[in-house]
Amino acid sequence: MPSKVAPSKYKPGTRSYTMSRIRGKETSIERLVRSYLFARGLRFRKNDKKYPGHPDVVLPKWRAMVFVNGCFWHMHEGCARFSIPKSNVEFWTTKLTRNRQRDQEQGSKLRAMGWRVFTVWECQLDATHRDKTLDELYQAIIDPDRQDESIKPPIQTKE
């Protein structure tokens, strides 16, 4: 009986190497957000280890923190860029679910400390949504009364 395992697009040993090269800091989307905020005159600290979750951008003057999340690694629901890998499903489901739970716990801790927490998703920074997303983020940060902490331009939904 023929095997029903789909052939991998990677040669043996290549997938592990490829995944090991993905870093959690200094990603292109983080640099994009930081350069926009800096150009608009906001000054901040980056990846500050004093706070839960090591926020990507910490704006003490505005009591605001920004997390720039990749859709895959943080399980962005309803997004076309997120899907559980077809191989080793149990491992990936456990890992990615834990990432999401950790994000929620860290956000709760930061809010309890009096911070406003904003999350920007990778799909919101594509070429068609980038300007609107970044402008909305900037406006949310400089409005100290704004408690709505979600930045919501349309996401790319699965079809």
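These are my notebook entries on a predicted model of a single chain.

**Overall layout**

I started by listing the elements: the chain has 4 helices and 3 strands. Reading from the N terminus, I get the order α-α-β-β-α-β-α. Buried residues come to 35% of the 159 in the chain. I also looked at contact range: among contacts with a separation of 6 or more, 58% join residues 24 or more positions apart. For the accessible surface I have about 10,100 Å², and carbon and sulfur atoms hold 54% of that.

**Strands**

Next I checked how β2 and β3 sit together. They pair in the parallel sense, over 6 bridges. One spot I looked up on that pairing is Val 68, which has Val 120 of β3 opposite. To get from β2 to β3 the chain goes through helix α3, residues 89-112, and I noted this β-α-β crossover as right-handed.

Is β3 enclosed or open? Of its 6 residues, 5 are buried, so the rest of the structure largely encloses β3.

**Cores**

Then I went to the largest nonpolar core, which has 18 residues. The members touching the most others are Val 33, Val 66, Phe 118, Leu 137 and Ile 141. At least two residues each come from α2 (28-39), β1 (57-59), β2 (64-69), β3 (116-121) and α4 (130-142). Helix α4 gives the largest share, with 5 residues.

Leaving out residues up to four places away in sequence, Ile 141 touches Leu 37, Leu 42, Leu 59, Trp 62, Ala 64, Val 66, Arg 116 and Phe 118.

A reminder to myself on background: in soluble globular proteins, nonpolar side chains tend to be buried together. Also, in a regular strand the side chains alternate between the two faces of the sheet.

**Asp 48**

Last stop was the loop between α2 and β1, where I found Asp 48. Is Asp 48 buried or exposed? Its relative accessible area is 10%, and the cut-off for buried is under 20%, so I logged Asp 48 as buried. What does its side chain meet? A polar atom of that side chain lies 3.0 Å from the backbone nitrogen of Lys 50. Not counting residues up to four places away in sequence, I also have Asp 48 touching His 54, Pro 55 and Val 58.

How values were computed. Residues are numbered from 1 along each chain as its sequence is written. This is a predicted model: local features need pLDDT of at least 70, side-chain atom pairs count only at pLDDT 80 or more; totals for chains, interfaces and linings use all residues. Side-chain values use heavy atoms; hydrogens and water are left out. A nonpolar core is a set of buried Ala, Val, Leu, Ile, Met, Phe, Trp, Tyr and Cys residues joined through side-chain atoms within 4.5 Å. Buried means under 20% relative accessible area, exposed over 50%, partly exposed in between (1.4 Å probe, protein chains only). Contact means heavy atoms within 4.5 Å. Two strands pair if DSSP finds at least two bridges between them. A crossover is right-handed if, with the strands pointing away from the viewer, the path from the first strand over the helix to the second runs clockwise. A polar contact is a pair of N or O atoms within 3.5 Å; within protein, one must be able to donate a hydrogen and the other to accept it, and residues adjacent in sequence count only if both atoms are side-chain atoms. Accessible areas come from the Shrake-Rupley method with a 1.4 Å probe; for residues, only the protein chains shown count as cover.
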